[in-house]
Amino acid sequence: MSELRIGLGIDLHRLAPGRACMVGGIEVPSPVGPAGHSDGDAVLHAACDACLGAAGMEDLGTLFPDSDAAHAGRRSADFCHEVRRRLEGAGWCVLSMDVVVETEQPRLRAWRDTVRASLAALFGVDAGAVNLKGKSGEGMDAVGRGEALRATAVVLLGR
Ligand code: MG
């Protein structure tokens with residue numbers, strides 16, 4: 001590896017009753033889930049944007065605009081496959097990924113290892129090099145009021 005790059009991605013989705021709660025490619029049991037044009041998986045959106053940013057590529061919203069009906073209800077895992085294809089085409093691989101999920105519900109502790117494994121598989125990185133931390137919003141903002149879920153991801157790319 002002669003070249004290393006760091007990328008940051010942040011995404012926030014409104015939580016709505018009855019939506020599947022997709023977190024890092026895993027459906028977590030929850031009475032609310034992220035609303036969105038796609039499946040609303042904020043963790044995957046943040047992770048993709050972190051990868052794209054590190055590689056100096058167009059961001060997720062530019063590659064898959066929510067104004068395009070073709071992306072309605074789309075699985076965010078598909079976005080990851082496309083991002084990974086682009087990274088690999090430029091010679092990049094993901095060396096590590098660290099993700100913070102801020103939400104009042106669902107609590108993610110029991111799902112942490114499952115989501116880590118999912119992220120590792122989607123981005124082709126060793127599971128030991130992927131981390132996931134759940135935080136609450138301390139009642140302060142949209143996250144704290146239980147209205148939204150926010151994900152922040154940092155990735156290290158190498159080639
Ligand atoms: Mg999003």
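Author: One term before we start. Buried means under 20% relative accessible area, exposed means over 50%, and partly exposed lies in between. Also, this is a predicted model.

Reader: Got it. Is arginine 5 buried, partly exposed or exposed?
Author: Arginine 5 has 30% relative accessibility, so it counts as partly exposed.

Reader: What does the side chain of arginine 5 meet in a salt bridge?
Author: Glutamate 3. The N to O distance is 3.3 Å. Glutamate 3 is partly exposed too, with a relative accessible area of 27%.

Reader: Which other arginine forms a salt bridge with glutamate 3?
Author: Arginine 159. The closest N and O atoms of that pair are 2.8 Å apart. This pair links distant parts of the chain. Glutamate 3 sits in the segment before strand 1 (4-17), and arginine 159 in the segment after strand 7, 156 residues apart. Arginine 159 is partly exposed, at 34% relative accessible area.

Reader: How many salt bridges are there in the whole structure?
Author: A search finds 12. Another of them joins the side chains of aspartate 113 and arginine 116, at 3.7 Å from N to O.

Reader: Where are aspartate 113 and arginine 116 in the fold?
Author: In helix 4. They are three residues apart there, so about one helical turn separates them.

Reader: Switching topic. What are the protein donors of the magnesium ion?
Author: Asp11 through OD, His13 through NE2 and His45 through ND1. They lie 2.1 to 2.2 Å from the ion.

Reader: What spacing do the donors follow along the chain?
Author: The spacing is D-x1-H-x31-H.

Reader: Are aspartate 11 and histidine 13 buried or exposed?
Author: Aspartate 11 is buried, with a relative accessible area of 17%. Histidine 13 counts as buried as well, at 10%.

Reader: Now the inside. Which residues touch the most other members of the largest nonpolar core?
Author: Leu87, Val94, Met97, Val99, Leu119, Phe123 and Leu157. That core has 44 residues. Among the elements that give two or more residues to it are helix 3 (76-89), strand 5 (93-102), helix 4 (112-123) and strand 7 (148-158).

Reader: Which element gives the largest share?
Author: Helix 1, with 10 residues.

Reader: Let's take valine 99. Where is it found?
Author: In strand 5. Valine 99 is buried, with a relative accessible area of 0%.

Reader: What is valine 99 in contact with, leaving aside neighbours within four places in sequence?
Author: Val43, Leu119, Asn131, Leu132, Lys133, Thr152 and Ala153.

Reader: And how far is valine 99 from methionine 57?
Author: They are 42 residues apart in sequence. In space, their C-alpha atoms are 20 Å apart.

Reader: Last one. What does leucine 119 contact, again leaving aside neighbours within four places in sequence?
Author: Gly24, Val43, Leu44, Met97, Val99, Val125 and Val130. Val43 is on the contact list of valine 99 and on that of leucine 119.

Terms used: Residues are numbered from 1 along each chain as its sequence is written. This is a predicted model: local features need pLDDT of at least 70, side-chain atom pairs count only at pLDDT 80 or more; totals for chains, interfaces and linings use all residues. Side-chain values use heavy atoms; hydrogens and water are left out. Donors are N, O and S atoms within 2.8 Å of the metal (3.2 Å for Na, K and Ca); water is not among the atoms, so sites may look incomplete. Buried means under 20% relative accessible area, exposed over 50%, partly exposed in between (1.4 Å probe, protein chains only). A nonpolar core is a set of buried Ala, Val, Leu, Ile, Met, Phe, Trp, Tyr and Cys residues joined through side-chain atoms within 4.5 Å. Helices (H or I, at least four residues) and strands (E, at least two) are DSSP runs, numbered from the N terminus. Contact means heavy atoms within 4.5 Å. A salt bridge is a side-chain nitrogen of Lys or Arg within 4 Å of a carboxyl oxygen of Asp or Glu.
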